[in-house]
Amino acid sequence: MEEKKSPITERRNESAKAPVWWSKLTLAQKFSASSLGKFGYELLFIRHVKGQDIAVLQCNGGIATITPDGEINTTAKIKLRSK
């Protein structure tokens, strides 16, 4: 009997759902992300940089980051992988 192999899934192309990322934010990041959400920013992912979890958001091609203490940077220089 032949074994049926399942295809390998490229996990990097599958983004976690927003609620998963949202639950990993600090309270300060949640407040800042909520403020940016009013302008159309959406939480993409969290990146671990220099010992800190930085939230990365996007709006119309623009990128913003939020530090654990809630500081917003709308001029962040982050390159996203193309899908």
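Strands (E, at least two residues) and helices (H or I, at least four) are DSSP runs, numbered from the N terminus. The structure is a predicted model, in which local features need pLDDT of at least 70 and side-chain atom pairs count only at pLDDT 80 or more, whereas totals for chains, interfaces and linings use all residues. Residues are numbered from 1 along each chain as its sequence is written, and side-chain values use heavy atoms, with hydrogens and water left out.

A hairpin with 2 residues between the strands is formed by β2 and β3, and Asn 60 in its turn shows a positive phi of about 50 degrees.

Because 4 of the 5 residues of β3 (residues 62-66) are buried, this strand is largely enclosed by the rest of the structure. Buried denotes under 20% relative accessible area, exposed over 50%, and partly exposed the range in between (1.4 Å probe, protein chains only).

The largest nonpolar core contains 15 residues, of which Leu 25, Leu 36, Tyr 41, Leu 43, Ala 55, Leu 57 and Ile 66 touch the most other members. Two or more residues each are given to this core by α2 (27-37), β1, β2 and β3, and the largest share, 4 residues, comes from β2. Such a core is a set of buried Ala, Val, Leu, Ile, Met, Phe, Trp, Tyr and Cys residues joined through side-chain atoms within 4.5 Å.

Beyond its neighbours within four places in sequence, Ile 66 is in contact (heavy atoms within 4.5 Å) with residues including Gln 29, Ala 33, Leu 36, Ala 55, Leu 57 and Ile 72. Gln 29 is placed in helix α2 and counts as buried, at 1% relative accessibility. Leaving out residues up to four places away in sequence, Gln 29 touches Asp 53, Ile 54, Ala 55, Ile 66, Thr 67, Pro 68 and Gly 70.

Arg 47 lies in strand β1 (residues 42-49) and is partly exposed, at 33% relative accessibility.

Terms used:
Two strands pair if DSSP finds at least two bridges between them.
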